[in-house]
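Hi everyone, thanks for coming.

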Amino acid sequence: MSRLDDELKIALQRREVSPDFTAKVMARIAELPPVPVSPWQKLLALFRLPAMQFATAATVVCLVIGLTFGVRYYRDYQEMRKESEIAKAQVMLAFQIASSKLNKAKKKINQAAERIATDDEQADQQSGLQRETRPTPKTKQNGEK
Amino acid sequence: MKLAGNPQTSFSEIVREHQSMVLSLADHFLHDHALAEELAQEVFLSLYRNLGAIKSPEHLKFWLRKVTSHRCIDYLRRQKFGLHLQMSIDDAEVIDAFRVPDAMPDPMLSQKLRRYVAALPEKQRMIVVLRYQEDLDPAEIAEVLEMPVNTVKSYLQRGLATLRDKLSRCFGEVNV
């Protein structure tokens, strides 16, 4: 630190103030016109009352608790809904699979039934032909006679 | 900031605690005791109106320094008072208003220094006063005067160079 710094510090020391300075300031403050209070400020002043402060604090606490539970309930509800959507999708898939299997089985049964029907028809036709070509037992008996 | 107990009594305590700082800032800057006292009173009235915005004792100190500095600079700008402060070296009348309580090693040099400081351009002057009266570093001064730190440093250097130059011319080859 140079000598100039030291000298400046000494030269620019804080001054002593006249003893009536504070009284003068306070007198001027007393002369100040009352600050007009807006309705908004009046409303705010209400909240400075201890009872209102307590009520405000209680409301805030209730709101916080309500919000916490509300958020949790909403999350649970969302989760449940998601799970039900997944279950629904799974059930639908199961139904689709079962339906396709049933369709296949039905088709096979139908095919088998058709095959049996055609076999029966063929068998009937064959037995009909045999009956026509075979001599009646009566004529045979007559010939033998 | 909330005043404990009677607001009037508490505010008068605040005034008592900080009046020396505010008045000295204004006095060293304006070099007119009556004017400095008037301005200091205005600063405290403004504080009374804005007490709700003050957050802590440190903030209060910062606020007072800032408002006093700005009001001093604004006052000079409005009144074009700067011309009156370009005093002649023989102007001893104003110097009598500057009585510093402690005994000084070189009263002559201190008197001259105060006068030379009062003759500096307004921003340099306020920076020098804040630096040496309030012992603030350039960063703190920059915050109070709302200007870049480098500008503060450059103003401070310029101000000190001017003071050194004037003192050398006055006292001859004095090692300052």
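Predicted model: local features only at pLDDT ≥ 70, side-chain atom pairs only at ≥ 80, totals over all residues.

Residues are numbered from 1 along each chain as its sequence is written, while chains are lettered from A and ligands numbered from 1 in the order in which they are written.

Let's start with the chains. Chain A has five helices and zero strands, and chain B has nine helices and zero strands. Helices here are DSSP runs of H or I with at least four residues, strands are runs of E with at least two, and both are numbered from the N terminus.

How much of each chain is buried? In chain B, 33% of the 176 residues count as buried; in chain A, 4% of the 145 residues do. Buried means that 20 or more other C-beta atoms lie within 10 Å of the residue's own, exposed means 12 or fewer, and partly exposed is in between, with C-beta atoms placed from the backbone.

Now pick out helix H3 of chain B, residues 57-79. Buried residues in H3(B) include B:Trp63, B:Leu64 and B:Cys72.

Where do the chains meet? 20 residues of chain A are in contact with 35 residues of chain B, contact meaning C-beta atoms, placed from the backbone, within 7 Å. On the chain A side, helix H1 (3-11) and helix H2 (21-31) each supply at least two residues. That side divides into 10 nonpolar, two polar and eight charged residues. For the record, Ala, Val, Leu, Ile, Met, Phe, Trp, Tyr, Cys and Pro count as nonpolar, Asp, Glu, Lys and Arg as charged, and the others, Gly among them, as polar.

On to the core. The largest nonpolar core has 41 residues, and B:Ala26, B:Ala40, B:Val117 and B:Val129 have the most contacts inside it. Such a core is a set of buried Ala, Val, Leu, Ile, Met, Phe, Trp, Tyr and Cys residues joined through C-beta atoms within 7 Å. H1(B) gives the most to this core, with eight residues. Take B:Val129: among the residues it touches are A:Leu12, B:Leu25 and B:Phe29.

Next, a helix pair. The axes of H7 (residues 122-133) and H9 (residues 149-171) of chain B come within 9 Å and cross at roughly 90 degrees. Axes are lines fitted to C-alpha atoms, for helices over the stretch in contact, and angles run from 0 to 180 degrees between N-to-C directions. That makes H7(B) roughly perpendicular to H9(B), the word for angles of 65 to 115 degrees. Their contact has five nonpolar, two polar and three charged residues.

Last, two loops. Most residues other than glycine have a negative phi. B:Asp135, however, has a positive phi near 60 degrees, and sits in the loop between H7 and H8 of chain B. B:Glu146, in the loop between H8 and H9 of chain B, has a positive phi near 55 degrees. Are they buried or exposed? B:Asp135 is exposed, with 10 other C-beta atoms within 10 Å, and B:Glu146 is exposed with 9.

Definitions and conventions:
Contact = placed C-beta atoms within 7 Å. Parallel < 35°, antiparallel > 145°, perpendicular 65-115°, else oblique. Lists of a residue's contacts leave out its neighbours within four places in sequence.
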